Amino acid sequence: QGQLKIAPAAMAARCRLAARFHHIHGANIRLDASHTQATRVESFANGLCFSQEPLAPGQIFLVEIEEKELGWCGHLRVGLTAHDPQSLEVVPEYSLPDLVNMGDTWVFAITRNHNRVVVAGEEVQGRGRPWEPFLLIERVRIPRDTLVGRSRPGRYSHILDDLFKMNVLPATARRSRIGVLYAPQPDGTADMHIVINGEDMGPSARGLPTTRPLFAVIDVFASTKSVRVIPVDYGFPSLQTLCRLVIQKHIVHRLAIDGLDLPPLLKSFCQHE
């Protein structure tokens with residue numbers, strides 16, 4: 001548990017480094033030059049991706065759904081594996097069941113509805129109000145602002161803004177943000193948590209080994225065609241983020257940002273991120 005006390009600056013640096021996809025991936029995946037965008041170029045399978053580095057305790061690997069593909073059944077699959085991608089002779093076609101059947105892998109399909117795995121006899125605890133600045137998971141504090149997907153400006157974006165404030169963006173929609181992390185427990189194991197648009201789904205798997213490196217698994221499956229890794233800065237929000245929050249607080253909705261006397265890059269940041 002002491003590992004969770006990583007200084008915010010050190011955690012931020014590590015997360016920036018690890019916020020990329022591994023060069024080992026499924027046969028149908030194409031990565032961009034930065035290794036932050038993964039696109040399935042054909043079919044509906046062979047879309048497995050992994051984090052470039054094993055995750056630190058409490059470190060979230062967060063992706064945003066950038067593109068969907070109609071005609072397929074099923075959605076993004078997310079989890080953790082203790083298998084180093086470099087050690088795989090062949091990348092499995094599916095995370096479920098192929099990679100999971102190899103053992104030491106925990107993967108769940110993301111559905112249209114928010115889901116949570118509850119252990120028998122466990123009471124469902126409140127997940128916190130969606131407007132609180134930090135999401136708390138065990139002893140981990142993650143800035144919620146980065147975790148929540150946002151609409152692009154459009155004719156009805158002011159309506160969508162209200163929906164985002166209530167945290168009801170569908171889990172599988174474009175711009176939805178989904179992350180995975182593990183939280184060490186007193187018995188030396190860890191619980192895996194999946195976070196959907198700033199909402200902790202609770203422990204979705206327990207008893208994960210903390211003695212082995214754990215890599216994030218992102219399966220760009222079926223109707224999910226392209227995802228992008230979103231870096232998460234732990235600790236205090238950046239000056240850029242604080243400026244955006246002040247601007248958004250004093251306008252009716254994000255369409256009004258176009259009329260402000262601001263640099264184009266700042267306008268884009270306020271509207272899209």
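1. A word on classes to begin: Ala, Val, Leu, Ile, Met, Phe, Trp, Tyr, Cys and Pro count as nonpolar, Asp, Glu, Lys and Arg as charged, and the others, Gly among them, as polar. By that scheme, the largest cavity is lined by 9 nonpolar residues, 1 polar residue and no charged ones.

2. Please keep in mind that this is a predicted model, where local features need pLDDT of at least 70 and side-chain atom pairs count only at pLDDT 80 or more, while totals for chains, interfaces and linings use all residues. Residues are numbered from 1 along each chain as its sequence is written, and side-chain values use heavy atoms, with hydrogens and water left out.

3. Back to the cavity. The volume of the largest cavity is about 50 Å³. Among the 10 residues lining this cavity, Ala 19, Ile 60, Phe 61, Leu 62 and Ile 230 are the closest to its centre. (A cavity is a set of points, on a 1 Å grid over the protein atoms alone, where a 1.4 Å probe fits but cannot get out; lining residues have an atom within 4 Å of a point. Grid points are joined across faces, edges and corners, and a volume is the space filled by probe spheres set on the points.)

4. Now the charged pairs. There are 7 salt bridges, each a side-chain nitrogen of Lys or Arg within 4 Å of a carboxyl oxygen of Asp or Glu. In one of them, Arg 228 pairs with Asp 32, with the closest N and O atoms 3.6 Å apart. Arg 228 sits in strand S13 (residues 224-229) and Asp 32 in the loop between strand S1 (29-31) and strand S2 (37-40), so the pair links distant parts of the chain, 196 residues apart. Strands (E, at least two residues) and helices (H or I, at least four) are DSSP runs, numbered from the N terminus.

5. Have a look at Arg 40 and Glu 69 too, whose side chains form a salt bridge of 2.9 Å, N to O. Arg 40 lies in strand S2 and Glu 69 in the loop between strand S4 (61-68) and strand S5 (77-81), so this pair ties together parts 29 residues apart in sequence. Arg 40 is buried at 0% relative accessibility, whereas Glu 69 is partly exposed at 24%. (Buried means under 20% relative accessible area, exposed over 50%, partly exposed in between, with a 1.4 Å probe and protein chains only.)

6. Finally, Asp 104 and Arg 212 form a salt bridge with their closest N and O atoms 2.5 Å apart.

Conventions: 1 Å grid on protein atoms, 1.4 Å probe; cavity = no way out; pocket = protein on both sides within 12 Å on 5 of 7 lines; lining within 4 Å.
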